[in-house]
Amino acid sequence: LAVDAIPPLTLAAARFALASLLLWGWARTKGGAGHRLVAADLPLIFALGATAVAAYNVLFLYGLKLATASDGALIVPGLAPVLTALLAWPLLGEKMTRWGVAGLITGLAGLALVINPNGGQAPARLLGDLLFVVGAVCWAIYSLIGKAATTRFTPLRATLYATASGTVLLLPFAVVERGWQPLFTSPPAAWLSLLYLAIFGTVLAFVFFYEGVHRVGAVRATPFAFLVPVVGVISSVLALGEQLTALTVIGGVLV
């Protein structure tokens, strides 16, 4: 709903700028306790912002311009746990069980049905799906970086640093995009969507995700993203009137 009225880079910059302000206010209520920032923290902080905020959102929002919201709701949360588990095994030593491997293969099979490159889909939709896949790669890398971040910062402050650094990275692109006029003249539905993205989809969701990674590890936390397709696809049908194909439904069930 938001990306139909607001250019993607401007939408992402506005979302995370607002979320950063809200997170900063929340962090202020927690007092000054915690890790004191030093220059050596900046590479980690900007890695968080570059993967989960800047790169991921550019890829995902432009993907939504080309493909359906239901594709995005299935591909990104479906593929991200697979990639996270595969990367966490050699990098973090978080090993997968045989059931875990079987589950990941099943999820990949479902994603292949959803994308269905040989099913006569429009080239634009296939390109959008490819952007979703690359976005999932960014999210997997972010999950692993987030594990390191939660050993240095609280989940709240790690989220604040990620959104603030991501906003800094996004703002120059938003200026070039010249999307501020459409932002301020967009309809109420777009503004409500932007507020939802900032408050619920960023502040609360990111903090809760970091808390989960901190408590149970990246591999065990990330598969909870498989709940996103359930909510996302149903919402796409009810709110946007999107039509689902049989392959999408079967692939979604497998995911």
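Me: What makes helix 1 and helix 2 count as being in contact?

Reply: Contact means heavy atoms within 4.5 Å. By that rule, Pro8, Leu9, Leu11, Ala12, Arg15 and Phe16 of helix 1 meet Val53, Asn57, Val58, Leu61, Tyr62 and Lys65 of helix 2. Sorted by type, the residues of this contact are nine nonpolar, one polar and two charged (Ala, Val, Leu, Ile, Met, Phe, Trp, Tyr, Cys and Pro count as nonpolar, Asp, Glu, Lys and Arg as charged, and the others, Gly among them, as polar). By the way, this is a predicted model, where local features need pLDDT of at least 70 and side-chain atom pairs count only at pLDDT 80 or more, while totals for chains, interfaces and linings use all residues. Residues are numbered from 1 along each chain as its sequence is written, and side-chain values use heavy atoms, with hydrogens and water left out.

Me: Why is helix 1 called oblique to helix 2?

Reply: Their packing angle is about 135°, with the axes 9 Å apart. Angles under 35 degrees count as roughly parallel, over 145 as roughly antiparallel, 65 to 115 as roughly perpendicular and the rest as oblique. At about 135°, helix 1 is therefore oblique to helix 2.

Me: And why is helix 2 called roughly antiparallel to helix 5?

Reply: Helix 2 (residues 42–66) and helix 5 (residues 123–149) pack at about 160°, and their axes are 8 Å apart. That angle is what makes helix 2 roughly antiparallel to helix 5. In this contact, the residues split into 22 nonpolar, five polar and one charged.

Me: How do you know that Thr10 is buried or exposed?

Reply: Buried means under 20% relative accessible area, exposed over 50%, and partly exposed in between (1.4 Å probe, protein chains only). Thr10 has 0% relative accessibility, so Thr10 counts as buried. Thr10 sits in helix 1. Leaving out residues up to four places away in sequence, Thr10 touches Ala174, Glu177, Gly179, Trp180 and Leu183.

Me: What makes a group of residues a nonpolar core?

Reply: They have to be buried Ala, Val, Leu, Ile, Met, Phe, Trp, Tyr and Cys residues, joined through side-chain atoms within 4.5 Å. The largest such core here has 66 residues, and Leu11, Leu48, Trp139, Tyr142, Phe153 and Leu170 have the most contacts inside it. Helix 2 gives the most to this core, with ten residues. As for Tyr142, its contacts beyond neighbours within four places in sequence are Leu48, Thr51, Ala52, Phe206, Phe209 and Tyr210.

Definitions and conventions:
Axes are lines fitted to C-alpha atoms, for helices over the stretch in contact, and angles run from 0 to 180 degrees between N-to-C directions. Helices (H or I, at least four residues) and strands (E, at least two) are DSSP runs, numbered from the N terminus.
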